[in-house]
Amino acid sequence: MTARPLALLALACAAAFARAEEAPTDALLKLLPADAAAALAADDLRGRWADVAGSRLAAEVAKLPAFQDWLRSPNARDFFQARDRILDFLQTSPAEIRDEILGDAAVLAILPPEAPDAPTARARGLLTLKARKPELLKRLIDQVNIVQKQNGEIAAIVEGSRGGVPVFTRRFPDAAGRPSETYVLFPDGTFAFSNSEAAVLEAVDRETGVDRGPSLLDAAGFATTSAGLSGRPLLRAFLAPEFIRRALDEQPEPADPGGRAVLAAVRGRLGDLDRVGAALDVDDAKVQIRLLQAFKPDALNRPDGAAFAPPRPAGERAGRPSPRMMALPETAVAAASFRIDAPAVYRGLLGLVSEPDRPRIAKLETIADALLLGRGLRARILPTLGPRVVAYLDAPDPGAPRLGNFPLPVVASIEINDDDPAGPTAEALQNALGATLAALSLDDERVPATARVTTTADGVTALDAPYPLAFAIDPQGRQLTVGSSADSIARYLRAGAKADAGERFRAIRDAGFPDCHSYAAADLVALGALAERRKDRLAAAVARREGRAPEDVVADVDRLLGAARLFDAAFAAVRFDEAAGASELRVGLLVRPPAAPAPATAAP
């Protein structure tokens, strides 16, 4: 085969791939202007709904007592009766509307106000869709129009034209105080409906090719977010950060200085983004929401742009902390693994401190520098911490006293990257944390007067009385571990010697988000078993706090546990694509695999 046919074959394959990747709603998104504030897109709802409704997960949800109770509730009964009355009048069914009108492609959009200086509250809505049966959609629209005109809900239906295309406007009585609604239905089933005549007319111009201005598909960051949300999501959404920022600017400034600092940080973050996209994925293995942020190029090129991308030492595989750090004990019920730039995080936190409180921060830093043996917190300690951090929640020991306000022990471990393995950083941290524990032991209301700072054979430094703070630094000075329970820290240190420690969370990561560099995951199987064992105690505590009968709370807990049994794990994970200049957050649930069938018994 010559080079020319090979090139033609490659081009044909590329074209076929491009067509396969184009979502059905892309043709509708072309009808939206580039400055569209938000768009919610449903592609192939017909096929995706069939997949979801026929899934094992849907069948298991339908069996839940809580779901059956809802179906029998008055609210559900009233809803279904009202729905059926409307559908009987329209002589159609939910399946027909879903499959024949919404089944191919549908987009619900929010457009900026017509006047550039108008407040964002005057934003316009626009619904577009591609009906497989346009004659069915026309019949339904005509029926609604006739009835609403007869009962006086609408004053008139005015037919106009835009470039030879019929356009209809539904005008309401003056007393109603409602804006008119305009719609257009093309012969091919393309439909647009809005509370703004200008929005529909612009969609007509784009559909007929009169308006060749940039559409949402041409907007900054759209291509990046759309590509990142590939696959077969049930829904996709696209948001313009600038519109959200405008809406925040229109709100009154918080009276609290700390609130103003947080709001300024949020505005700054929005200003660094071109587009935000989201997708909902549902299948038999996973239910997840993907949130993708496309950064402006200058945001990543600024000196502080590295804060957006997680630090990664040379040769480190994304999301793979050292085996020892992820060697979690079997009692761990939730875990997180992430990388941080400690100095950047500290600077970010300081940016949230109000101006009047900053002199106090300076005094605290002076005390910290002294406790750290003169090694400056900012200059010498923080740069040696990280980048890898692991944290987890531990199951409490039966009968152990509760330490602190959180019901489960918390343990966190961070790398120490000091030039000297003997560890001047480790020595400074040991001194500072030990001194802090000694100072805390002076609190006679929470600690016995005889309490002392001790170090166990496992290397855990803590008070010899129950107190929610303990720490350990490994003998090589390469890892600092802190937690609310000395026993939990000791279990973590001992787990480092076991080859299979942490296998459960490695399996969760590999099943749900193997390409993500940072994540938090909860083992719902372990948490469910823990809640089951402590159900009565949990129900009694909730009943006391909410003034309810314990048996009612137990029933609620049982319903919650029943739903949780459908899932294996819950997770939140982050992936950063440096080449695309985008970050992706995934939040979801891993579906519990079906139970293995019982082995067949041999006939006697």
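**Pocket, cavities and strands in a predicted model**

In this predicted model, the largest pocket is lined by 39 residues, and those nearest its centre are Pro396, Pro407, Leu408, Leu530 and Arg534. Two or more lining residues come from each of strand E15 (460–463) and helices H18 (486–495), H20 (524–533), H21 (535–546) and H22 (550–564). On a 1 Å grid over the protein atoms alone, a pocket is an open set of points with protein on both sides within 12 Å along at least five of seven lines, a cavity is a set where a 1.4 Å probe fits but cannot get out, and lining residues have an atom within 4 Å of a point. Helices (H or I, at least four residues) and strands (E, at least two) are DSSP runs, numbered from the N terminus.

Residues are numbered from 1 along each chain as its sequence is written. Local features need pLDDT of at least 70 and side-chain atom pairs count only at pLDDT 80 or more, while totals for chains, interfaces and linings use all residues; side-chain values use heavy atoms, with hydrogens and water left out.

The largest pocket holds about 1,100 Å³ of space, a volume being the space filled by probe spheres set on grid points that are joined across faces, edges and corners. Its lining comprises 28 nonpolar, four polar and seven charged residues. Here Ala, Val, Leu, Ile, Met, Phe, Trp, Tyr, Cys and Pro count as nonpolar, Asp, Glu, Lys and Arg as charged, and the others, Gly among them, as polar.

The structure also contains two cavities of 30 Å³ or more. The largest cavity, of about 50 Å³, is lined by Arg324, Ala472, Asp474, Gln479, Thr481, Tyr492, Leu493 and Gly496. Strand E17 (479–483) and H18 each give two or more residues to this lining, which has three nonpolar, three polar and two charged residues.

Strand E11 (residues 332–339) is largely enclosed by the rest of the structure, because seven of its eight residues are buried (under 20% relative accessible area, with a 1.4 Å probe and protein chains only). Strands pair if DSSP finds at least two bridges between them. E11 pairs antiparallel with strand E12 (residues 385–394) over seven bridges, and arginine 339 has arginine 388 of E12 as its bridge partner. E11 also runs antiparallel to strand E18 (residues 518–523), joined by four bridges; alanine 334 stands opposite alanine 522 in E18.

Elsewhere, threonine 190 lies in strand E7 (residues 190–194) and is buried, with a relative accessible area of 4%. Beyond its neighbours within four places in sequence, threonine 190 contacts (heavy atoms within 4.5 Å) Leu28, Leu31, Leu129, Lys130, Val184, Leu185 and Glu207.

Key: Buried means under 20% relative accessible area, exposed over 50%, partly exposed in between (1.4 Å probe, protein chains only).
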